[in-house]
Amino acid sequence: MKEIWSAQGLSENCGNCGHIDSSAPSHHVMLFHGHSNPALAEAVAKHLDIPLGRALVSRFSNGEIRVKIEENVRGSRVFVIQPTCGNVNDSLMELLIMIDALSRASAYSICAVIPYYGYAKQEKKTSGREPISAKLVANLITVAGADRVITVDLHAAAIQGFFDIPCDNLKALPIIVEHYRALNLNREDVVVVSPDAGGVARATDLAEHLGAQFAIIFKRRPEPDQTQVIEIVGDIEGKDCIVVDDMISTGHTLINGVKALKERGAKKIYAAVTHSIMAGDAVSLIENSPLEELVVTDTIPVSPEALKMSKLKVLSLAPLLGEAIRRTHFNQSVSELFV
Ligand code: R5P
């Protein structure tokens with residue numbers, strides 16, 4: 001791996017070194033990151049066996065974001081790893097300013113690697129005079145100078161179409177499938193549950209891969225950040241249930257769903273969620289729920305408080321993201337990563 005990967009730096013067009021290697025792609029690859037998830041960026045760099053690029057990302061005394069790319073990126077294929085999580089506005093602004101700096105420093109191409117895409121829940125108008133913030137964010141990323149986006153489990157797959165540049169929406173599914181296969185659950189007794197109508201495709205995908213049954217919870221939102229279970233369709237009585245979702249924010253969708261499943265006779269209840277935002281009192285809701293185990297990924301840093309929960313398991317997407325970056329750089333298909 002190291003040999004193949006380091007060969008990319010050997011290029012007749014490369015300003016970073018003087019070598020000629022006609023078998024190698026003609027642009028150097030570089031990885032940068034902002035403040036939103038440095039651990040993930042380091043894990044991806046480690047997976048690819050390349051160093052992270054040096055960049056100063058700090059604040060001016062007036063609070064504005066200050067960026068200085070501290071090495072030559074001219075002619076390079078640059079990947080900026082920055083989920084727009086934590087303080088979503090700061091993370092997004094850091095990403096935009098980094099892209100602008102890299103573009104003005106003559107990077108050959110800039111791929112925004114956004115494992116968690118903030119503002120994704122505002123992807124349509126649900127009533128008059130509302131914004132479509134997910135589209136605005138896509139516009140901002142494009143205008144800043146990105147020419148490609150890699151992301152994971154977008155809240156709505158249609159957000160891909162908000163970009164007029166290539167956007168690969170990777171799935172955490174292969175890693176989640178691997179996790180449950182290793183648990184050796186009896187597939188006859190397993191039901192994969194979608195916590196709402198929007199998650200049906202994700203849940204049926206997982207059910208198919210595990211050879212399990214499928215059920216759906218119908219929920220309503222009386223107001224933002226509140227949920228209420230209306231009905232469960234599917235046979236869950238006496239079964240082990242796996243609830244699968246794209247994100248936990250307040251935890252209400254998941255935990256109200258888990259409670260409703262338990263009340264209707266589910267046996268053990270597991271959950272797999274890609275993006276663990278864990279806002280408000282989500283951690284204590286999860287901790288005090290009948291949930292057996294919760295699997296999340298590292299698209300968003302998991303808080304120390306959440307990490308204390310014995311029922312929490314974090315799966316890393318660094319190998320998946322690293323492989324997507326490697327294939328993008330070598331102009332190889334990423335389709336195989338979609339299971
Ligand atoms: C809903 O449409 C999403 O897929 C998630 O179920 C939801 O965003 C989770 O939010 P919360 O944890 O606040 O209920």
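Reply:
**Leu254 and its setting**

Leu254 belongs to helix α7, residues 252-263; helices (H or I, at least four residues) and strands (E, at least two) are DSSP runs, numbered from the N terminus. The model is a predicted one, in which local features need pLDDT of at least 70 and side-chain atom pairs count only at pLDDT 80 or more, while totals for chains, interfaces and linings use all residues. Residues are numbered from 1 along each chain as its sequence is written, and side-chain values use heavy atoms, with hydrogens and water left out.

Leu254 counts as buried because its relative accessibility is 5%. The classes are buried for under 20% relative accessible area, exposed for over 50% and partly exposed in between, with a 1.4 Å probe and protein chains only. Not counting residues up to four places away in sequence, Leu254 touches Val243, Ile248, Ala271, Leu291 and Leu294, where contact means heavy atoms within 4.5 Å.

**Helix α5**

Helix α5 spans residues 173-182, and its buried residues are Leu173, Ile175, Ile176, Val177, His179 and Tyr180. They pack against strands β11 (240-248), β12 (269-276), β13 (293-297) and β14 (312-315), as well as helices α6 (200-210) and α10 (318-329). After α5 comes Asn184, with a positive phi near 55°.

**Two loop residues**

Glu237 sits in the loop between β10 (228-233) and β11. Its relative accessibility is 60%, so Glu237 counts as exposed. Leaving out residues up to four places away in sequence, Glu237 touches Arg264 and Gly265. Lys262 is 25 residues from Glu237 along the chain, and their C-alpha atoms are separated by 8.7 Å.

Met309 also lies in a loop, the one between α9 (304-307) and β14. With a relative accessibility of 3%, Met309 therefore counts as buried. Apart from neighbours within four places in sequence, Met309 is in contact with Met278, Val283, Ile286 and Glu287.

**The loop between β5 and α4, and the helix pair**

Tyr119 is placed in the loop between β5 (109-114) and α4. Tyr119 is not a glycine, yet its phi is positive, at about 70°. Its relative accessibility of 27% is why Tyr119 counts as partly exposed. Arg129 lies in the loop between β5 and α4 and has a positive phi near 60°, although it is a residue other than glycine. Arg129 is exposed, with a relative accessible area of 85%.

Helix α4 (residues 133-144) and helix α3 (residues 88-104) have axes that come within 8 Å and cross at roughly 25°. That angle makes α3 roughly parallel to α4. Axes here are lines fitted to C-alpha atoms, for helices over the stretch in contact, and angles run from 0 to 180 degrees between N-to-C directions; angles under 35 degrees count as roughly parallel, over 145 as roughly antiparallel, 65 to 115 as roughly perpendicular and the rest as oblique. On the α3 side the contact is made by Leu92, Leu95, Leu96, Ile99, Asp100 and Ser103, and on the α4 side by Val137, Leu140, Ile141 and Ala144. By class, eight of the residues in this contact are nonpolar, one is polar and one is charged. Ala, Val, Leu, Ile, Met, Phe, Trp, Tyr, Cys and Pro count as nonpolar, Asp, Glu, Lys and Arg as charged, and the others, Gly among them, as polar.

**The chain as a whole**

The protein chain contains ten helices and 14 strands. Its radius of gyration is 21 Å, in agreement with the value near 20 Å that a compact globule of 339 residues would have; the radius is taken over C-alpha atoms, and the globule rule is 2.2 Å times the number of residues to the power 0.38. Along the principal axes, the C-alpha atoms fill a box of roughly 65 × 45 × 35 Å. Of the 339 residues, 51% are buried. Among contacts with a separation of 6 or more, 62% join residues 24 or more positions apart. The chain exposes about 15500 Å², of which carbon and sulfur atoms supply 49%; accessible areas come from the Shrake-Rupley method with a 1.4 Å probe, and for residues only the protein chains shown count as cover.
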